[in-house]
Amino acid sequence: EKGGYEHFMLKEMNEEPKTVRDTLNPRIVENDVVIEELGMSDEEIREIKQIRIVACGSAYHTGVTASYVFEEMARIPVAVEVASEFRYRNPILNPTDLVIIVSQSGETADSLAALRLCKEQGIQTLGIVNVVGSSIAREADRVMYTWAGPEISVATTKAYSAQLIALYLLSIKFADVKGLLAKEEKKELINDLKKLPDQIELLLHNKENIQKFATRYIAAKDVFFIGRGIDYAISLEGSLKLKEISYIHSEAYAAGELKHGTISLIEEGTLVAAVITQQHLYQKTISNMVEVKSRGAFVLAVTNEGNTEVEKAADYVIYVPETSHYFTNSLAIIPLQLFSYYVSVGKGCDVDKPRNLAKSVTVE
Ligand code: F6R
């Protein structure tokens, strides 16, 4: 059932173009975003004063990305929180909040508990869920499905990509309803979304190069991921992917935080993966790359095509195709998923079933 692939994770990465297409296409109607299952009138959308995104692990990382997207595009304040923290902090919720619970399985105990807590207080909830009919899908006031199909590998790839798409669509919808998107801009955003599946496909084709690169790092002790803004959110996911399946210690930092402690961990040859896709932050991240490089780090950069300027501060560069700055996570994560996969394979780890981890965390 692995469809000729060595592991489910590789199979599922190869399904990402389809997953993105399937999550996107039914919700694009004549160059407009139509999310029927949202069932909210324009009036109700305009009344949302704050979005709270609550999730665990990788799903939480899609929320971090979405917080940047919603705030900039739709000008709605977003608070993102891991479910196990949210549920025990006696959160201050308002009737004008929309709580979005993101979950592949729809069964994650903490996410489900967070959902129930919101419902008890009468706060509107929206589930972004992959498994049809799962607990979160059944209990949320509204559900938007990600059409990724069954995901077997413990490390999520295709469901993560589908969650991002659902969140982008919501952001465009909200921004549009609030009158914040010029017609031309909306058209461009939708066009960029439609291009993502082919662009992801292209990135997947580059797997041999990434495999070669990954082979050099199977003995790494520590790896650091850095980025700013959405690139920080991508770093969080890149780092989690690597540690969970390769057992290499890795951490993600907001690049501007390096100076506040982390930089002392950089040694000769330490791998630092810099995600640098946000044009207005290029110069800032490049200076951080220079800082770690001058302390001996080997710098891998994941950046946009054309940003050759990073080459002066990087030892190895992976370029991703052009898209809206809002959507770069969908592209930049692909080489990072491939990197983790090949490090894990190179080390002989159990890629699809990493030690101590379960696909669905139904206990606290
Ligand atoms: C990481 C991973 C986990 C899940 C997390 C939430 O690759 O898969 O971090 O993202 O356990 O699971 P769901 O989305 O099922 O709520």
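Predicted model: local features only at pLDDT ≥ 70, side-chain atom pairs only at ≥ 80, totals over all residues.
View 1. From S58 it is a backbone N or O atom that lies 3.1 Å from a ligand oxygen atom. Of the ligand's own 410 Å² of accessible area, the protein covers 89% (areas are from the Shrake-Rupley method with a 1.4 Å probe; for residues, only the protein chains shown count as cover). There are 14 residues around the ligand, and those that come nearest are S103, Q104, S105, T108 and E244 (a residue counts as near if one of its heavy atoms lies within 4 Å).

A quick note on reading these views: residues are numbered from 1 along each chain as its sequence is written, and side-chain values use heavy atoms, leaving out hydrogens and water. Local features need pLDDT of at least 70 and side-chain atom pairs count only at pLDDT 80 or more, while totals for chains, interfaces and linings use all residues.

**View 2. K241 is a buried lysine in helix 11.** Helix 11 covers residues 230-246 (helices are DSSP runs of H or I with at least four residues, strands are E runs of at least two, both numbered from the N terminus). K241 has a relative accessible area of 0%, so this residue is buried (under 20% is buried, over 50% exposed, and in between partly exposed, with a 1.4 Å probe and protein chains only). Where does the K241 side chain make a polar contact with another side chain? Its partner is E237, at 2.8 Å (a polar contact pairs N or O atoms within 3.5 Å; within protein, one must be able to donate a hydrogen and the other to accept it, and residues adjacent in sequence count only if both atoms are side-chain atoms). A polar atom of the K241 side chain is also 2.6 Å from the backbone oxygen of T156. Leaving aside residues up to four places away in sequence, K241 touches M9, S58, A155, T156, Q337 and S340 (contact means heavy atoms within 4.5 Å).

**View 3. Helix 9 kinks at L196.** The kink is about 40° and comes shortly before the proline P197 (the bend is the angle between axes fitted to the seven residues ending at a residue and the seven starting there). Both L196 and P197 are buried, and other buried residues of helix 9 include K186, L189 and L204.
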